[in-house]
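Here is a short briefing on one structure.

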Amino acid sequence: MSKDYVIGIDLGGTKIYTAVVDLEGNIISEETVATNAAEGEQAVLNRILGTVETVLKNVDISNVKAIGIGSPGPLDVKNGIIVNSANLPFKNFNIVQPLKEKYKLPTFLDNDANVATLGEFMFGAGKGTENMVFVTASTGIGGGAVLNGKLYRGNTANALEIGHMTVMVDGPRCGCGNAGCAEALGSGTAIMKRGRDAASSNANTTLKNYSEVTSKEVFEEAAKGDRVSKEIVNTALSYLGIAVANIVNIFDPEKVVVGGGVTNAGQIVFDKIQEEVDNRCLKAISENCVIEKAVLGGKAGVLGAAALAIMEIK
Ligand code: ADP
Ligand code: ZN
C-alpha cells in the first residue's frame, strides 16, 4: 500500500527547515539550511527549492499530496504572497507560485503562529481537541486558535495577535505603537529589559553579577531567591497570565497550549498562568480548560507547515 506524504517548509529569518512528513506527523526526510536573507529574493528562493529537492530524493513524488509553508508575516495568505517581513528578503513576493509550478502540487502559505497552532493541534499537545488556543511566549508573544476543529484566521489572517492585547492602561510602549501590550510586559524581551534596567540601577540584585542579562538569568536568579528578579518574573508572568485569562474567557477552549522560549523556565510559567486564569475567568469556563506545555519545540514550524498542507487538502 502506498503511503501519502506532504512537504512542510518552515521559512525563518535564520534558517529554512524542510521535511517530508506522513499524515501522522512522522518526519520521513528533512533538511535545514541557513536562510542568508542578505543574499536576496532569488537566492533564498533557490535555497528553498534546493531543500525540497533534497528531501524528495528518496521519496516517490507521486505519494506527495501537497506543500505547506510557514513564514513570518505580514502575508497575503489567499494569494500566497509574503508582503514584507523584517528578517526575510521577500517584498510582495509570491512564494507559492514557483513551488506550485515546479511540483504541480497544491501549495499553501500561512504565518508561523498559525502553522505552529495547527502543528500542536494535529500532532502535539492539542491532539484530540476541537477548541484549542496556542500561545507562544518568546521574543514576542503570539498565538493562534482552532475553533470547532478549524483554524480561525480572521479577516486578514492576523487573528489571535495575543501579544498586542492591552493589559495595562498607559503601560510601556510596544513595538506596534500601542502602550501596555502583553508583549511589552510579559515576553522574554520584556523580562530581559527589566532585568537589564535593574542590573544597571542602584537596586540590590544578583543580576549585577552577569555581564549580559537575558530572561533566562532573571528566572535563574529569581529561583535562587533574588528579590528583584522575583518581582520581575512574577510581574511579567502575571501579565502573560492576564492575556491568557482574557483569551480563555473569549474562546472557551478545552485547552491552551503554551510554547516559546520563556516556557523553558519551567513549571513556574504554567503555575502563574493557571493562577491568573483561576482568579479571573468565569468558573464554568476555566474549570473545563487545561493549560498545557507545547510539545513540538523546534519542529513546530515544519510539522505545522505539514499540518497546514494536510488540513487544506482534507
Ligand atoms: P524566537 O522568539 O526567536 O522564536 P525562542 O522561542 O527561543 O525564540 O524564544 C527566545 C526567548 O525566550 C528569549 O527572550 C529568551 O531569553 C527566552 N528564553 C530562552 N530560554 C529561556 C529560559 N530557560 N528561561 C527563560 N527565558 C528563556
Ligand atoms: Zn503591541
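Along the chain, the donors of the zinc ion (ligand 2) follow the spacing H-x9-C-x1-C-x4-C. This is a predicted model: local features need pLDDT of at least 70, side-chain atom pairs count only at pLDDT 80 or more, and totals for chains, interfaces and linings use all residues. Residues are numbered from 1 along each chain as its sequence is written, chains are lettered from A and ligands numbered from 1 in the order written, and side-chain values use heavy atoms, leaving out hydrogens and water.

**Zinc site**
- The protein donors (N, O and S atoms within 2.8 Å of the metal, or 3.2 Å for Na, K and Ca) are His164 (ND1), Cys174 (SG), Cys176 (SG) and Cys181 (SG), 2.0 to 2.3 Å from the zinc ion (ligand 2).
- The site is tetrahedral, with angles of 105 to 123° among its four donor atoms; four donors count as tetrahedral if all angles lie between 85 and 135 degrees.
- Cys174 is buried at 7% relative accessibility; buried means under 20% relative accessible area, with a 1.4 Å probe and protein chains only.
- Cys181 is buried at 0%.

**Thr18**
- Thr18 lies in strand E2 (residues 15-22); strands are DSSP runs of at least two residues, numbered from the N terminus.
- Thr18 is buried, with a relative accessible area of 0%.

**Strand E9**
- Six of the six residues of E9 (residues 132-137) are buried, so the strand is largely enclosed by the rest of the structure.
- Met132, Phe134 and Thr136 point one way, and Val133, Val135 and Ala137 the other.

Note on methods: Tetrahedral: all angles 85-135°; square planar, octahedral: opposite > 155°, others 65-115°. Buried < 20%, exposed > 50% of the residue type's maximum accessible area, 1.4 Å probe, protein only. Helix = DSSP H or I, 4+ residues; strand = E, 2+ residues; numbered from the N terminus.
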